[in-house]
Amino acid sequence: GDGPVPLLIALHGAGDSGPNFKQGAGLDKEADRRGFLVAYPTASGVNWAEGCNCVRPDLDGVDDIGFLDAVIADVGSRHAIDPDRVYALGYSQGGLFAQYIACERSETYAGIATISGMMSLPVSQSCQPSGSPDIFLLHGEEDPVLPFEGVPSGAYATLGVLETFHFWRDVRSEE
């Protein structure tokens with residue numbers, strides 16, 4: 001393009017990889033048509049360090065937030081990206097990670113979108129974003145892995161989709 005373009009970071013679900021997610025997501029055609037870049041990073045293990053302290057990368061101290069900072073810097077060193085239009089899209093466990101990103105890097109990301117991924121309960125209890133990125137949630141009511149109503153207790157506790165929506169609505173109203 002003639003100037004800086006948006007960057008979308010596409011986050012795969014648990015057990016997947018960036019290249020495989022790229023193949024299945026079909027985002028490149030849309031990126032070409034609409035003039036934005038897509039990066040498809042791969043988690044260092046089976047999962048992203050999503051901030052819940054319930055998955056191996058969190059317990060091992062993996063800094064996936066820092067990793068994505070480095071991805072943005074790397075893409076920015078090779079392409080003219082618009083720093084005000086950096087977005088994350090996450091599927092399933094990648095969506096839970098995107099929620100964490102919105103909490104930890106609200107000044108970096110203009111918005112996040114999640115597909116079948118709400119906010120983990122531990123992240124909701126510690127999330128204090130410095131800004132209010134745009135949030136898009138897409139989640140089926142019959143999802144057997146991450147139920148629409150959430151998982152109320154246990155190591156993998158999550159808010160429900162509506163609770164996640166209300167969380168972000170309340171963040172925006174506090175501004």
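**Terms and values in a predicted model**

Biologist: His166 lies in helix H7. What makes this segment a helix?

Modeller: Helices are DSSP runs of H or I with at least four residues, whereas strands are runs of E with at least two, both numbered from the N terminus. Helix H7 covers residues 161–173. The model is predicted, with local features needing pLDDT of at least 70 and side-chain atom pairs pLDDT 80 or more, while totals for chains, interfaces and linings use all residues. Residues are numbered from 1 along each chain as its sequence is written, and side-chain values use heavy atoms, without hydrogens or water.

Biologist: Why is His166 called partly exposed?

Modeller: Its relative accessibility is 32%. Buried means under 20% relative accessible area and exposed over 50%, with partly exposed in between (1.4 Å probe, protein chains only). His166 therefore counts as partly exposed. Its C-alpha atom is separated by 15 Å from that of Ile112, 54 residues away along the chain.

Biologist: How do you know that strand E3 and strand E4 pair?

Modeller: Two strands pair if DSSP finds at least two bridges between them. E3 (residues 81–91) and E4 (residues 111–115) have five bridges, in the parallel sense. Ala88 has Ile112 in E4 as its bridge partner, and Gly90 has Thr114.

Biologist: Why is E4 described as largely enclosed?

Modeller: Four of its five residues are buried, so the rest of the structure largely encloses E4.

Biologist: What makes E2 and E5 edge strands?

Modeller: The open sheet has five strands, in the order E2-E1-E3-E4-E5 with parallel pairing. E2 (37–39) and E5 (134–138) each have a single partner strand, so one side of each lacks a neighbour in the sheet.

Biologist: What makes a set of residues the largest nonpolar core here?

Modeller: Such a core joins buried Ala, Val, Leu, Ile, Met, Phe, Trp, Tyr and Cys residues through side-chain atoms within 4.5 Å. The largest one has 29 residues, and those with the most contacts inside it are Leu11, Leu68, Phe97, Ile101, Tyr109 and Trp168. Strand E1, helix H4, E3, helix H5 and helix H7 each supply at least two residues of this core. H5 gives the most, with six residues.

Biologist: How is the lining of the largest pocket divided by residue class?

Modeller: Ala, Val, Leu, Ile, Met, Phe, Trp, Tyr, Cys and Pro count as nonpolar, Asp, Glu, Lys and Arg as charged, and the others, including Gly, as polar. On that basis the lining holds eleven nonpolar residues, five polar and one charged.
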